[in-house]
Each structure stands twice: as C-alpha cells, then as structure tokens.
Amino acid sequence: MRLKRTQAFLQKIFLLDILQGLLVTLQHYFSRKVTVPYPEKVLAPAARFRGILRLFRDEKGEPLCIACKACQRACPTKCFEIEGARPEGSRLLRPTRYDWKLSRCTFCGLCVEVCPTAAIRFSREFRMSLVGKDHLLFRLPDMYLEGEDLQQFLCGGCP
Amino acid sequence: MTALTLLFDVLIPVIKIAAVILFPMVMVIVLIWMERRVVAFIQGRLGPNRVGFQGLLQPIADATKLFFKEDIIPREADRLLFNLSPVLVMISSLLAFAFVPLGGPFDVMGYTIDPWIARSPVGLLLVLGLSAIGVFGIIFGGWASNSKYPLMGALRSVVQVLSYEIPLGLTVLTVVFFSRSMDLVAIVNNQKDAKVWFGFLLPFSFLIFWISGIAETNRAPFDLPEAESELVAGYHTEYSGMKFAFFYIAEYAHMVLVSSLVVLLFFGGWLPPFPNVRALAFLGVLPGFVWYLIKIMFFLYLYIWIRGTLPRYRFDALIKLVWKWLVPLALLNFVIVAVAWYLL
Amino acid sequence: MAFKEIELNMGPQHPSTHGVLRLKLRVDNEVVTSVEPVIGYLHRGMEKLWESQTYAQIVPMTDRLDYLAALSNNLGYVLAVEKLMGLEVPKRAQYIRVALVELQRLASHLAWVGFMANDIGAMSVLLYAFEDREAVLDIFEAYCGARLTVHGIRIGGVPFDLDETVAGMIRRVLDETPKKLADIEKLLNDNRIWLHRTRGVGVISAVDAVDLGLTGPALRATGVPWDIRRDLPYSSYEDFEFDVPVRTGGDVYDRYLVRLEEIRQSLRIVRQALDRLPPGPHLAKVPRLLKVPPGEVFHTIEAPKGELGFYIRANGTERPERVKMKSPSFINLQSLERMSKGYLFSDVVGILGSLDIVLGEIDK
C-alpha cells in the first residue's frame, strides 16, 4: 500500500502519466495513416454492398422482371410504382412502368430478397449525389445498366 | 557615400518594420498549417494536403474564405467594444514583436544591422506587459457579445491569464539573476558568454515558464476559455468573418511569441547549439536566424503535440494548479536560485 | 459579490449534446442547480408508424432508433416477434446473431469512448477508437452490405451465412482491437487530467440508480450486477462464458472502466461464437407474409446502452396492433439531473457523455 502510494506520487511528480501519453501519440505520428485521399483513391465496396438498385437481364439479354410487384409490396417506404402488361406472343408479364424513388429508398434489401426471378438486385454504386431533384426518380430505362457498367457494378453476393 | 548612408538609414528601418510584422504573420500561416497536419498525423489522418505543396496554402485559402464571409454583429451587442476587441487582441500580440529580436547583429557592406525594431533595457517586461493587454480584448469581446457562453469564456480567460502571469513573472526573474539584465539581446549574449543556456541551468524555471506559457495562450490542456465541448467557442462564439480571423491569428501569434520568449530566455536565442564541442563546430555554419527558427518550431511542435494528447482541465483544477502548485514552486525556485546565486 | 443564478440553454445546437438534445441548465457560479432535458427534436413517430407496417418491414426501421447499435435493435424486435410466434430459430443463426450483436456492442462502446474523450478534450482518442470501429463496420459491410443501418437480422434467423471471408475479418478485428485498447488505456487510464475530470464526478448510488431505472453499463458501474445476457439469457447466451464487469464507484470513471471491460468480454464472446459455430441452416422456414397469432409479448435484451425492450400486441393480421419500445437511452437520461446536481457546469458535459445516449432512441 505504502509502496503503491509512493509510486503514484513519483508518477505524479515526474509527469510520467503525461509522458506516457505523449509517447503513444508520437508513435501514432509515425505510423501508417488510415485515411484515403478520396477522389484519387477509391476503396472498393464489399461484394454484398447495398448500392443503387438495378434491374438485371439474363444471359441472353432478356429482362428478368416479370412485373409481379412483390418488391412494391415488400417495400417499407413505398419506393416503387410498377405497372405491367403482357406483350403479344409472350406468356410473361413485362413492366411497362417501373419507377424507383431513390429519395425514399432506405436500402434495406427487402425487395431484393422477395424478388422471385432475381431481377432487382443491388449494384455497388455508392456515389449517389445527383444534380437535381428529378434525377432521384429512376424510370424503367434508368434501371437497366448496359455493357461494361453491368460487369463493374455486378452484385457479387446476391443469391 | 552620404547618399548610401541615407539610403541605409531610411530603407533599413522600413525593411525591419516590414520584417517584424511579416515574421509573426508568416509564422502564423505556417503554424496553422502545421497544427492541422501534425494533429492529423497524430490521429492517423492525412490532414489538409490539397492547396499548394502539401497543403501549405490552406491557411491562406481559409483566410480568403473568412474574408468574404458576412460580418455578423448581434443585435444586442455593444457595437463599439464588439468591433474594438479583435483589434485590441491583434495589436497587443503584434506590438510585442517590436521588442523581440529576430537574431544577432550582422554586417551588410560594412554597415551593422540590428534585426530588431526597439531595444530596451526592460524589453522583457515590455513584451510580457504588451502581450497581457490582449486580455482586455478578450473580456471586451466576451462582454460586448451580450451572450452567455462568450461571457463565461471571457471570465474564465481573464482569471486564467491573470493567475498564470504570476508564476511566469517569478520564473523570468530567475533568468534575470543570471543575465543581470532585462534586455532580451543582452540575455542571449549572456548565454553566449556563460557557454551554457539558461534552460539547462534552470530546468524548473523553464518547466514552470512553459506550463504557464501554454496557459497564457489558452492552449490545450488549458484551453478552457474556448472549450468547445462546453462553451461552444468561448469568447469568440458570436464573431464571424474577419473579426473571428483576427482572434484566431492573434492566438497563434501569441503562441509564436511565447515560443520565441522560451527560446530567447532559456535556449540561447539565435546561438547555434554546442558551441564548445569542436566536432560539432560545423553547426555554426547555419546563420543564427535559422537556428532561432528551428528552436521556435520545436516549441510550436510541442504545443501541438500536447494538444493532440491531453484532455482538458476543469476550471477549478486549473486554478488549483496555478495557486497550489505553480506559484509556490515558482517561489521556491526563485528563493533557491537566489540563494545559489548569492553563495556562488 | 454573489453571482445571480443564470439559466443556460445547452443545445439543441450545442457541440456536445450528442445530437439534438436541449438541456435547460440553471447554474449558480458554474455550479449546476437543476437540469431539465428537453427532448423531441428528432421525433419521427416510429411507434405509430409501425402500426401500419408489416412485421418484416419494421425490422429495417429499428435500425434508425439507436443508430450506433442498429443490430441490437434488430435483435430486440425480432426476438419479441419470434417469442410471440413461438418460432424456433436454428442454433447456427443464434450463434451468428450473438457474434454480430457483440461486434455491434464493441462498435458502440468504441464510439462511446471516442465521444466521451472528445467531450473531455482528448481529441486523438476519438480517432483511435474510430479506426477500430471502422474495422467492425467493414465486417458488417462484408456480411450484409451496409455499415450503419445494417438490417442484418431477419425474423427467423439471419439473412446470410457467416462465410470464411467474414469470419477471417472478424478474427483480424479480434486480434487487432486489444492493441488499440491498450493505446487508449495508456492515454487515459492514468492521465491525471482524465482522472480528475471523471473520478468522483456524476456519482449516483446503487439505490438511486435502481429507483430511476438506470440500466446497462451505467447501472453496473454503481455495483448492481444486472446483465440480461447472463441473468435472463436469450439467443443462446447461456452457451458462452463471459464475465459481467461490475464496479462500485458509480462515477464517470467507473462507467468508463466498465465499458472498456465489456469490450474485452465482447471479444471473448465473439471468439467463442466463431469457434463453436454449429452447422445447420441460418434461417428458419418463415412465410413471406408473416401472420402473427393474436397475443401480446414483452421481451428485453441487453443492448450496448442498456435494457432494450419491445412490447408487441398482435391481432392476428400481418401488422402489429401496437408496438412500444423501452429504449435504454430515454430511461437513462432521466438520471442526468440526479447525477449532475452540485457539480460544475463543465462536468455536465462529461456526465451526459458518460450516459451514452443516442437521440434517435430517445425521441423515437
């Protein structure tokens, strides 16, 4: 007990606690920096990253969506407005209107989970700033990604 | 010949005045940049590195931004004092630099130039006195804002600055024992003649001076007047634009001033280190001013390093620290040095 | 000269009220005589909103309550629904849930240490703590795709299986975090300023704490060894070995130490969960549109902030008739006045910080 008190006293007199702290910060001064200069270096999001929602096509380029509106029903924030029609000579329903409102979306992923054809999936696009309010409404053509973009943002973790 | 002399007589004072104003200003710019970079490095970040080389022009960009900001004066504020206080703070910290020598005398074309504006036999007292005037600016600013947080910040600041003046003065006196002068140039020359810097003769004086100096400049861990987590921004909460920048610059200039004083009083000013070690004689090649700068930079770095490490004192502990520890210790130190001086 | 007692408005835009809390303080010479929290600036009507949502749709909304510990909220709500349905959750899902929730506790406590230190003025600790928290958020991102509002637990299990990459990331965090904690402890534990600012500040007795309904680490710092994980185990917590850190001082410093120790215990639990992860499915068979049998249920869990409870009354449809949550921050906040009366104004910041409140949860 006595020894402990002397030790504490000595620690206080010689500012040992403060020197210890200064040493820790000095070590960090020379250590590797954790932040990344953003626009030059972009960290890739994880494979399952929940970015902007996209509609996908199958290998033959046919759209997967069958306008069943399961996503519309599952959505807690009512992001979707979908209308479907049966094109002539087809037995499947196809969307004629597919509005997704980025401004309402919370990226919870319920729509992706309920989709029976895996048509709607998350992409890994995380840069969502847009120039105008109307750009927050994604219409049917906006929901499809084409060509290389598709590969780049393909969601890796979806079932 | 006379024309040349005349030229020197007119031109050199002008250059000196410009240098004395530019020196703290340039140092402030470098210091603001350094503070942000060093704190960032301590915290594992990169800090500002976009504007100019390694972000060196960042403070200038910030100042430009502040310059174009709207100057808001609260409706209930006392306009005269509100406008006066940033000026007062700024003047007090810049005026003190008139008495701070920037280096030893040197010759240019057979003409000896003294790199200071005024040399006074009581220069040390003048510097301390002038820098303390800034506290008026702070209390005026805090009171004139007519707002609770600035008022509390200002009250804290006044109590803090006035309390810490005492140990500061007491430790300065121990230096005066050795130098037999309050002239800053003479103090440095004395250290040259004594072949040892006073900081090594009087380590406790240096320590007390440094702690009080940090408190004087309202820096962490004694940054209570502007403790962000309690008082928002302390006495300059209501200020914006260039007036805010004035407070900001004055605070940093004050830091440069305290660092300069520490270097002049305790670490040989512009003298190169190890003058009596023959193997290290090449250190004298660098001009005195460079050594002076290096030493000041070291203490400024220390300021930032401490800020990046320590939490903030509470107000009662701050006052307890000065009255129960620093003042008695400074007195004891003073007596011991006096006795030692008498016996030797 | 006596200073007149002044009323001080702290917030809702004050830098250290952790969001949009407003405190009406009365200070007499910087000594606090009364504190009145004014809440509601972040009210979003969550409980009423839930009455119009299906059971599954409520889960992502619970993310937004205590946004520093979204997974704990998910778990609290989901467990209540499962209890009402009598749903058996696969063992593997339970273990994954425990691992995720304990990681969330780690992240929440790390954020707390950082904010607390920042309130007291040690700004570097904030960044050191966030480095580690960032690693935990990376795990969540790899596991379920989001970092903050994760929606990482579903009714009946968890949405994804814990694969090798995620497990590897978790193991790396388990190895790295103790080193960072040691740095934080070196900076704070012995530091005289930190001790002065926290020791003996904001003291509350165990009796008062229980009377005011204080829960979580703040309660355990007063000497009451109450931890629902141990005392009323849920989600297979009975399978894990861990200690419940208890201190008796009841001050800010003890709350700090309790939380640091809880971080260590969380790491222990996560390691056990990873090592003993049983095989099997990660999601029970649950119909797409849940219909919950009529009845009512109340279930509490030990969230990082304290006792988090959900009361649900179901009427047999796919939507609940009423959901009420017992949010720990809301209840802990009422002990603020008891804690801070008689201390200095500067201490209120530290005491408020030590309670670990999140306004999303207080205002709902």
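**View 1. Helix α2 of chain C and the residues buried in it.** In α2(C), the residues C:Tyr55, C:Ala56, C:Gln57, C:Ile58, C:Val59, C:Pro60, C:Met61 and C:Thr62 are buried, a residue being called buried if 20 or more other C-beta atoms lie within 10 Å of its own, exposed if 12 or fewer do, and partly exposed in between, with C-beta atoms placed from the backbone. Because 8 of the 8 residues of this helix (residues 55-62) are buried, α2(C) is largely enclosed by the rest of the structure. Its buried residues pack against α4 (110-114) of chain A and, within chain C, against α1 (46-50), α3 (70-85) and β6 (320-326); helices (H or I, at least four residues) and strands (E, at least two) are DSSP runs, numbered from the N terminus.

This and the following views show a predicted model, in which local features need pLDDT of at least 70 and side-chain atom pairs count only at pLDDT 80 or more, whereas totals for chains, interfaces and linings use all residues. Residues are numbered from 1 along each chain as its sequence is written, and chains are lettered from A and ligands numbered from 1 in the order in which they are written.

**View 2. The sheet β4-β5-β6 of chain C.** Three strands of chain C form an open sheet in the order β4-β5-β6, with antiparallel pairing; two strands pair if DSSP finds at least two bridges between them. The edge strands are β4 and β6 of chain C, each of which pairs on one side only, and neighbouring strands of the sheet are turned by 15 degrees against each other on average, direction ignored. Strands β4 (residues 295-303) and β5 (residues 306-314) of chain C run antiparallel and are joined by 9 bridges, while the hairpin between β4(C) and β5(C) passes through 2 residues. Among the bridge partners in β5(C) are C:Glu307, which is paired with C:Glu302, and C:Leu308, which is paired with C:Ile301. Helix α3(C) lies across β4 and β5 of chain C and runs at about 150 degrees to β4(C); axes are lines fitted to C-alpha atoms, for helices over the stretch in contact, and angles run from 0 to 180 degrees between N-to-C directions.

**View 3. The packing of helices α4 and α14 of chain C.** The axes of α4(C) and α14(C) are 9 Å apart, and the two helices pack at an angle of about 180 degrees. That angle makes α4(C) roughly antiparallel to α14(C), since angles over 145 degrees count as roughly antiparallel, those under 35 as roughly parallel, 65 to 115 as roughly perpendicular and the rest as oblique. From α4(C), the residues C:Phe115, C:Met116, C:Asp119 and C:Ile120 meet C:Val349, C:Gly350, C:Gly353 and C:Ser354 of α14(C). By class, this helix contact has 4 nonpolar, 3 polar and 1 charged residues, where Ala, Val, Leu, Ile, Met, Phe, Trp, Tyr, Cys and Pro count as nonpolar, Asp, Glu, Lys and Arg as charged, and the others, Gly among them, as polar.

**View 4. The interface between chains C and B.** Here 25 residues of chain C are in contact with 22 residues of chain B, two residues being in contact if their C-beta atoms, placed from the backbone, lie within 7 Å. On the side of chain C that touches chain B, at least two residues each come from β1 (6-10), α4 (91-120), α5 (123-144), α7 (192-198) and α14 (345-355) of chain C. This side of chain C has 13 nonpolar, 8 polar and 4 charged residues.

**View 5. The interface between chains B and A.** The contact takes 9 residues from chain B and 11 residues from chain A. On the side of chain B that touches chain A, the elements giving two or more residues are α1 (2-42) and α11 (288-309) of chain B, and α11(B) gives the most, with 3 residues. By class, this side of chain B has 5 nonpolar, 3 polar and 1 charged residues.

View 6. C:Asp28 lies in strand β2 (residues 22-28) of chain C and is partly exposed, with 14 other C-beta atoms within 10 Å. C:Asp28 and C:Glu7 are 21 residues apart in sequence, and their C-alpha atoms are 8.8 Å apart in space.
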